[in-house]
Amino acid sequence: MTTTATNTPTPELSGGALKRQLARAMRRQKIRALLLTAPLLAFIILGFLMPIGSMLMRSVDNSIVEETMPRTVVALESWDVTSTEIPSEEVFTALAADLQIAVENRSALVFARRMNYELAGFTTMVRRAQRAVRSWDIENDGPFREQFIEAHAGWGELETWQAFKTYSSPVTAGYYLAAIDYTMISGEIEPIPENRSIYLMLFWRTAWMSALICFMTLLLGYPIAFLLANVKERYANLLLILVLLPFWTSLLVRTSAWKILLQEQGVINQLLVWVGIVADDNRLALINNKFGVIIAMTHILLPFMILPLYSVMKTIPPSYVRAAKSLGANDWTAFWRVYFPQTIPGIGAGAILVFILAVGYYITPELVGGPSGMFISNRIAYQWNSAGNWGLVGALGSILLAAVLVLYWVYDKIVGIDNVKLG
Amino acid sequence: MALPSYASPAQKIWHYSYLTMCGLIFFFLIFPIVVIIPLSFNAQDFFTFTPEMLALDPAGFSLKHYVDFFTNPDWTQATYNSLVIAPMATLVSVSLGTLAAVGLSQSHVPFKRVIMAILISPMIVPLIISAAGMYFFFSAIGLQGTYWGVVLAHAILGIPFVIITVTATLVGFDRSLTRAAASMGAGPLRTFFKVQLPLILPGVISGALFAFITSFDEVVVVIFVGSAGQQTLPWQMFTGLREQISPTILAVATLMVGLSILLLATLEIMRRRNERMRGMTPG
C-alpha cells in the first residue's frame, strides 16, 4: 500500500502543502512501525546479543594478571623475554609483596588458575609460594629469590618467567592461539605438541562431518521433495505428514530412538543377527562413533532439506520438462539440463540451513557420538563445565560463531531471511 | 507422477525403483519414531523386542514403564517444571513477537533487513554459545537458576519462530480491512484486536506452537541458565540418556511423540483455516 492512497488530494491542498503532508504521514508511519518493533528488539539485544558479545569479550580479557600482580608486572617490564637468565631480585621482591596481598584477597589462586591454562603446574607453584609468603616480612626478610626457588623449583625456571611476562598485558591473543593449537609461552608463537593439539582437529571434524551430513540429507531429500512436488496435491499433503512428524518430534526423542536402535543389544543389531549377516557374539558397534552421529543427524536434519527443496520444486512449471522432451531431449537430459538447474536455489537454501544447524550441534554428538564423534560444541561445553576456562570458551565460541555468521549472511543473500518457511 | 502408457521397459523399471527408493527413505524417516512405541510396552527392562513380544503374547507387554513415569517423583517433578515453564515462555515470545511482526509488516520500515536478521538470530546461533552467554548475563542480573531466568531464555529462543510464522500470514493480509475499520471510527487497538488479530490468528497459533515446542524440547540453555529447581523433562531425559538409560525413557518418548502428533494436527487445521479465510480451497 502507498500513502497516497489514504491521503487523496483535496482541492485546497496544492503542490508543496501536499508534499509536506505526505512526508509527515510517512514519517509517522515509520515511527509507529519502529515503536511496535522496539520492545522485542530491545529484549533480544539486551537478553541475547549483548550477553553473547560480553561472553566473547572474555576471549581476549587478561586483566586478572595485572590486577593481582601489579608490582611484579611493572618490575618485569625491564626484563627481556628473550633473556637467558631469570629476573633479578627486584622482581622477586615485587612478587612477594603482590602475593601477600593476593593471599589476603583470596585472589592468588584465581590468578594461578589463569596462568595454569598456559603453563601446567603453575597452580602448584603458587600454592607452595603462598604458604611460604605468609610469614615473610617484605621489608627485612629479603632477598626472596632463593626463598621462592626453595618453595618450588619452578620459580627458578626460565619458562615460568617467559609465560608470566608474555601474559602480563591486560589483553591477550593467548586464548585464540590456544583455540587453534598454538602457544606463545616463550614469547614466540609456536604450535603445541601433536599429542596435545585437539582443537584444529575438532573444528575440521565438525566441518567435514557437517558437510557429509548435508550431502546425505540432499541425497535422501531430493527424491522425496521431487515426489512431493509431482504427485497429486491430496497425496502430497498426506506424504508431507510423514516428513513433518519427525520435524515436530522432540530432538531428544529422535536421538534417544537412535541410541536405542543402534546399541549393541538394540533392534538393528537384533535384526542383523536374526537375518544372519552378523554373528551374535560379534555385534556391530553402531553407536558412540562417527557412524552413529552421521546416521542420527542425517535423520534429524532431513526435514530441513526436504521442506525448502519442496517449496522451490512446487513452483517449477511441468511444461518446461515437457517442452524439452518434445524437442527431443531424453529423460536424463530433460532432468539434468532443464529441471535440475531450476532447483538449485532450493538446494542452496536447504544445504546452508542444514550446514548451519549441523555445525552447532551439541546434544546428538554428546549422546551418540562417544569420544570419536565429538563436535566442537561438546568441547566448548567441556571447557565450560569441567575446566572452567572461560577465556577459551569465548575464543572457541567466537570462531564457531564467526563461521556461522558468514553462512547466515550467505543464506540471507541467497534466500533472504524473510523467506524462511517452516512447515 | 503416473507413467504414460507408451513408457519403455527401462522407464518402467526406473519408475518403480524410484518409488521403492522413496518408500525406503520414508521408512528411514518414520521407523525410528514408530519403533519406540511398541518397545515402550515391553514387560522386560530391555530395549529390544523380546520373543514374547514378537509372538504377540500379552505376557510380553506391560504398562510398567508408564507407571514408573507417572509415579516416580523425578519424572513427575520434571514434567511439572516443563509444564509451568513452556507456556509462560510461549506467552512472552508470542506477545512480543506478534507486536514486532505487525510492526515489521508495515510498508517503509527503516532498517527492516537488519532488524529481521537480529530477531531471527537466536535460531541460527549455536545453542552452546547462546547458553554460555546467557549464563553469564543471567548470573550478573541475579536471574540464573530462577524460574524467570529460564522463562526469558526460552522466550528468546522461541521468538524467531513466532516472527517467521506471523510475518508469513501477514504477507497475505488485506490492508484495506484495517483502513475500513479506521474509517468507521475504530482506534488502532480496537482495529488490531477486532479485525487484524482474528485474521492472522492461524499464524499466531502456529508461532505459539513452535515457541511451546522449542521450550518444551530445549536442553542446553536450561542446563546452563537453570538450576536443579528448574529441571525440565528434556533435561531429565538428557541426564538419563547420558548416564544409564532407564526404559522409562521409552514411555516418555512415546508420550512426546503423541504430543507432537497433536501439535501437527492442530497446525494442519490452522493451515486449512488460513487458506479458507484467504479464499483458497484447502488442498
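# Briefing: chains A and B and their contact

The contact (heavy atoms within 4.5 Å) takes 90 residues from chain A and 92 residues from chain B. The model is predicted: local features need pLDDT of at least 70 and side-chain atom pairs count only at pLDDT 80 or more, while totals for chains, interfaces and linings use all residues. Residues are numbered from 1 along each chain as its sequence is written, chains are lettered from A in the order in which they are written, and side-chain values use heavy atoms, with hydrogens and water left out.

**Contact between the chains**

- Chain A and chain B bury about 8,600 Å² between them, with 81% of it on carbon and sulfur atoms; buried area is the accessible area (1.4 Å probe) that two parts lose on being put together, summed over both.
- Two salt bridges (a side-chain nitrogen of Lys or Arg within 4 Å of a carboxyl oxygen of Asp or Glu) are counted between chain A and chain B.
- One of them joins the side chains of Arg113(B) and Asp412(A), at 3.0 Å from N to O.
- Arg113(B) is partly exposed at 45% relative accessible area, whereas Asp412(A) is buried at 12%; buried means under 20%, exposed over 50%, and partly exposed in between (1.4 Å probe, protein chains only).
- Glu366(A) forms a salt bridge with Arg242(B), where the closest N and O atoms are 2.9 Å apart.
- This pair crosses between chains, from helix H18 of chain A to helix H11 (residues 233–242) of chain B; helices (H or I, at least four residues) are DSSP runs, numbered from the N terminus.

**A salt bridge in chain A**

- Arg114(A) and Glu118(A) form a salt bridge, with the closest N and O atoms 3.0 Å apart.
- Because they are four residues apart in helix H6 (residues 108–118) of chain A, Arg114(A) and Glu118(A) are separated by about one helical turn.
- Arg114(A) is buried, with a relative accessible area of 4%, and Glu118(A) is buried at 11%.

- Ile363(A) touches Leu251(A), Leu252(A), Val219(B), Val220(B) and Phe238(B), not counting residues up to four places away in sequence.

**Helix H19 of chain A**

- The buried residues of helix H19 (residues 376–387) of chain A include Ile376(A), Arg379(A) and Trp384(A).
- Just after H19(A), Gly388(A) takes a positive phi of about 65°.

Terms used. Helices (H or I, at least four residues) and strands (E, at least two) are DSSP runs, numbered from the N terminus.
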